[in-house]
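These are my notebook entries on one structure. I set down what I looked up, entry by entry.

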Amino acid sequence: MDFAINTIILIASFSFMEFLAWFAHKYVMHTFGWSLHRDHHFKEPDQTFELNDLYFLIFAAPGISFLFFGYHNGSYDPLFWVGAGISLYGMAYVFVHDIFIHQRLKILTRTQNTYLLAMRKAHKIHHKHLQKEHGECFGFLWVPPKYLKEAHLKKRS
């Protein structure tokens, strides 16, 4: 029973992070938090660190805190599994956004996976807006269906 409940908590926490990431991206990073996020839209080709990378620390803090306070002498309470879901989402973000989409490491450069191609396109559309206003595609793992359809059709042609 604990395994099922813990798994549900972990998956729910991970899933909620997609909404929270979208919300924070649209209503924090592209408004009053633009001073940290701006250089992500204007990155120099040889720039490895961005001020935007500080958001990683901001988002990691709750996950680490929940992991810490949810562990008690060899047992894990629900808070731990919330922290695990947040942390797994953070790891997915690093691998997908930083490594795959922005190619901080050159892997999957020639993928033909429809979902990955659609994700890359949606992010490219997001970056076509260089200012904080008029943005679109603020999500991370959820890709608007039009980009999935476009990627699927492009693969077939």
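I first looked up contacts, taken as heavy atoms within 4.5 Å. Among those in the protein chain between residues at least 6 apart in sequence, I found that 53% join residues at least 24 apart. The model is predicted: local features need pLDDT of at least 70, side-chain atom pairs count only at pLDDT 80 or more, and totals for chains, interfaces and linings use all residues. Residues are numbered from 1 along each chain as its sequence is written, and side-chain values use heavy atoms, with hydrogens and water left out.

Entry on the fold. I took helices (H or I, at least four residues) and strands (E, at least two) as DSSP runs, numbered from the N terminus. The protein chain has six helices and two strands, and their order along the sequence is α-α-α-β-β-α-α-α. I noted a C-alpha trace spanning about 55 × 40 × 30 Å along its principal axes.

Entry on burial. Of the 157 residues of the protein chain, 36% are buried.

Entry on helix 2. Which residues of helix 2 (residues 34–41) are buried? I listed Trp34, His37, Asp39, His40 and His41. The buried residues of this helix pack against helix 1, helix 3, helix 4 (78–101) and helix 5 (114–127).

Entry on aromatic rings. I paired rings of Phe, Tyr and Trp (its six-membered ring) if their centres lie within 6.5 Å; planes under 30 degrees apart are stacked, over 60 edge-to-face, and the rest tilted. The count by this rule is 13 aromatic pairs. Why is the pair of Phe19 and Trp22 tilted? Their planes stand at 35°, with ring centres 5.9 Å apart, so the pair falls in that class. Phe19 and Trp22 both belong to helix 1 (residues 2–29), three residues apart, about one turn of the helix. An α-helix has 3.6 residues a turn, so residues three or four places apart point the same way. Phe19 is partly exposed at 44% relative accessibility, and Trp22 is partly exposed at 30%. I also traced a cluster in which ring pairs link Phe16, Phe19, Trp22, Phe23 and Tyr27.

Entry on a charge over a ring (NZ of Lys or CZ of Arg within 6 Å of the ring centre and within 35 degrees of the ring normal). The charged end of Arg38 sits over the ring of Phe42, 4.4 Å from its centre.

Entry on positive phi. Most residues other than glycine have a negative phi. I found a positive phi of about 45° at Asn73, which is not a glycine. Asn73 lies in the loop between strand 1 (71–72) and strand 2 (75–76), and is exposed, with a relative accessible area of 82%. I also noted Cys137, with a positive phi near 55°. Is Cys137 buried or exposed? Cys137 is buried, at 18% relative accessibility, and its place is in the loop between helix 5 and helix 6 (145–156).

Definitions and conventions
Buried < 20%, exposed > 50% of the residue type's maximum accessible area, 1.4 Å probe, protein only.
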